[in-house]
Amino acid sequence: MSTKPLQLTGLVAATFTPMQKDGSLHLDAIPPVVEHLIRWKVAGLYVVGSTGEGVSLTSAERKMAVETFVRAAGDRIPIIVQVGHNSVAEACDMAAHAEQIGAAAVSATPPSYFKPATAERLVRTMAEIASAAPTRPFYYYHIPHVTGVRIGMLDFLDGASSAIPTLAGIKFTSPAFDEMLACLQFRSGAFEILSGFDEMLLSALAIGVKGAVGSTYNFAAPVYGRILDAVARCALDEARLWQSRAVAMIRCVVKHDGLAGQKAVMKMLGYDCGPTRLPLAQLDDKQFDAMRKELQSLGFFQWIGMENKA
């Protein structure tokens, strides 16, 4: 398999990891979600990342979830597996596993307890992980407000471009759009830069980003699809309208405990991904109903063409 960038254009859904009420994995809930996202024509699936609560899963659980996603997707849609771990050895093991079972690519956050303090150490760490899946493209996952690793991505690319033969690009979850633009232009666009902030998709498209990875694409892909379409037609007022609607929806969901709220929206659409794990919060029935009413008042269910779920 090629280690070149996947050339993802459009929306990549950062998927949820479905769980039972007791917090155990609910693997049977994965195939229906995959079918739903394929129907919505997303460009790929990014699994066991932040949205998928990868850091709250055991390595064995992560592997089981990844295997289920890969089987459900078949050859119809690329699966990118997030393998980042505080143990580099565990990350390498999961990268090798992702390659073995046929995932399209691997991605990794840096260790976030003992953090790489320099660009050189970050490159060495990511090179170690990427080398465990030598036939798969590798995407570094830059999310500094979560990991605390704030090393400049130009410095990373400068070192990684020669040290990591499989380097395909960066999942760039930072509002530093000047840096994102510089990364897009690095070595004449040699690397794929995927935007990771759903609420700033329009801004990313404006500077030349082609693909984006996000959690709300699971339940609001039609909203973002209208942004993509409007930008393609240079209808910027229309694009701004839909981006503002996306932001209003995100604010509603974030107000209701973030990831727990997002999983609740999936349940509203008929795809029950269960609760989040501790230490994250849970929504009670009152909060669930309140959020549904707020989304109804926004017009969210009409926006996504699922008025029957309102």
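Which residues have the most contacts inside the largest nonpolar core? The legends below begin with an overview and then turn to this core.

**Figure 1. Overview of the predicted chain.** This is a predicted model, in which local features need pLDDT of at least 70 and side-chain atom pairs count only at pLDDT 80 or more, while totals for chains, interfaces and linings use all residues. Residues are numbered from 1 along each chain as its sequence is written, and side-chain values use heavy atoms, with hydrogens and water left out. The chain has 13 helices and eight strands; these are DSSP runs numbered from the N terminus, helices being H or I of at least four residues and strands E of at least two. The C-alpha trace spans about 50 × 45 × 35 Å along its principal axes. Of the 310 residues, 55% are buried, where buried means under 20% relative accessible area, exposed over 50%, and partly exposed in between (1.4 Å probe, protein chains only).

**Figure 2. The largest nonpolar core.** A nonpolar core is a set of buried Ala, Val, Leu, Ile, Met, Phe, Trp, Tyr and Cys residues joined through side-chain atoms within 4.5 Å. The largest one has 96 residues, and L45, F138, F156, Y224, M249 and F300 have the most contacts inside it. Helix α9 (residues 217-232) supplies the largest share of this core, eight residues. Leaving aside residues up to four places away in sequence, F300 touches F219, A220, M249, V265 and L295; contact means heavy atoms within 4.5 Å. Another core, of 13 residues, lies apart from the largest one and includes A14, Y46, I80 and Y141.

Figure 3. Among the buried residues are Q262 and K263. Their cover includes α1 (30-39), α9, α10 (236-255), α12 (285-298) and α13 (300-303). After α11 comes G270, with a positive phi near 100 degrees. In the loop between α11 and α12 lies P279, which is joined to L278 by a cis peptide bond with omega about 15 degrees.

Figure 4. Q7, a residue other than glycine, has a positive phi near 55 degrees and is found in the segment before β1 (10-14). Q7 is exposed, with a relative accessible area of 59%. V48, also a residue other than glycine, has a positive phi near 50 degrees. V48 is found in the loop between β2 (44-47) and α2 (59-73) and counts as buried at 1% relative accessibility.
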